Amino acid sequence: MRILLICILSTFIFSTSIAQNPSFKPLESFDAIFARAKKENKPIFFEAYLPNCSHCMAYDVTLKNPKIKQFLDKNVLAYQLDISKRENGLFLRKQKVYVPSTPSFVMLGPDGKPWDVQTMGDELNTVDGILTSLRKAIDPQKRDEATLKKYQQGAREFEEMLGLANFTRMTLDTVQNIEIVQQITEALPKDKYESELGFLLIRKVMLDNNNPLFDHFINNLADYRKTNDSVTVRQVAENTLMSTLFSSRSRKFNPERIAGIKFGLKQIGLTDAQIANRCIVLEVLIDLDKDQLATATDRIKSYYQGKEIPAKEKDFWCKWLTRKADPKNPCPLP
């Protein structure tokens, strides 16, 4: 009986998560959606969800409300987007949208450019909360895209910058994100660095470690652990350090900047070997960008500490070391 009950409940949950919500149109090809948006001159709204996300299931119930359906039918082309499907994730990436958690509301203009992106928390899961979010997302004066334009024209309202930090992160605008987060940090009193807001900024929107708030954070981890889960503190630090290390701009970093990243990784408990493993590729590429082939070769040899380099790894390194050389010249690795 217990097994039968579990099966029934599992079937119910599964069927609930994939049932077509009447407030949304059946998902069609993205080309067809854009063609319809252009023809009807309407923005495109996606609720990005995961089928096994309990928060998404709770939102799905609220989204069926007739008031919400009426608003969607009148103002937008509305679709639900299961981001567990690879093609849907690739579509969002193409539109320069990153969804860190579900459900998220993604509003695109008729031309496909992001207007507004919101991560929806439980506190917004009411008819009024959802309608407020949707109205803001299509308002030409209040949506994120409009607020970003105001910022670019010189506006520096603190609350608006907080929203823009999230928007630029979720729309993959790293350069703008770093600038905005820097502006927020400059406006944030230093006695608020260890506040809930200070930690939230690092956790949610910070993509670069070259920031006074992050400097304070990485040098005072013990203080942050007093008010936050220690595992979360470590993960937050690691995420920012690694997003910096793996960014396209990192190949322009000077040795001091890389040393700062290594210091941060040391602070969160990584061993010297683990740090070297994370930094070796970047350091070798920087050497090669400077045409310092001998330095790059010595760095690789030092990394393996005289041990034989595994065949696949040696092949990887040799491709980089010989990319500018005469094809007849052998790889300089032993």
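**Pockets and sheet**

Visitor: Which helix gives the largest share of the lining of the largest pocket?
Guide: Keep in mind that this is a predicted model. Helices α7 (144–152) and α10 (196–204), along with β4, each put at least two residues into that lining. The largest share, eight residues, is from α8.

Visitor: And what is the volume of the largest pocket?
Guide: Its lining counts 31 residues, with Q118, T119, L162, G163 and N166 nearest the centre. By type, the lining splits into 12 nonpolar, nine polar and 10 charged residues. The volume comes to about 940 Å³.

Visitor: Which element gives the largest share of the lining of the second largest pocket?
Guide: That pocket holds about 360 Å³ of space. Of its 15 lining residues, Y98, R169, M206, L207 and S243 sit closest to the centre. Two elements give two or more residues there, α10 and α13 (230–245). The largest share, four residues, belongs to α13.

Visitor: On to the sheet: which strands stand at the edges?
Guide: Four strands make an open, mixed sheet, in the order β2-β1-β3-β4. Two of them have a single partner strand each, so one side of each is left without a neighbour in the sheet. Those edge strands are β2 (77–82) and β4 (114–119).

Visitor: What is the bridge partner of E47 in β2?
Guide: Strand β1 covers residues 44–49 and pairs with β2 in the parallel sense, over six bridges. For E47, the partner in β2 is Q80.

Technical notes:
Residues numbered from 1 in each chain as written. Predicted model: local features only at pLDDT ≥ 70, side-chain atom pairs only at ≥ 80, totals over all residues. Heavy atoms only, no water. Pairing = 2+ DSSP bridges. 1 Å grid on protein atoms, 1.4 Å probe; cavity = no way out; pocket = protein on both sides within 12 Å on 5 of 7 lines; lining within 4 Å. Points joined across faces, edges and corners; volume = space filled by probe spheres on them. Nonpolar A, V, L, I, M, F, W, Y, C, P; charged D, E, K, R; others polar.
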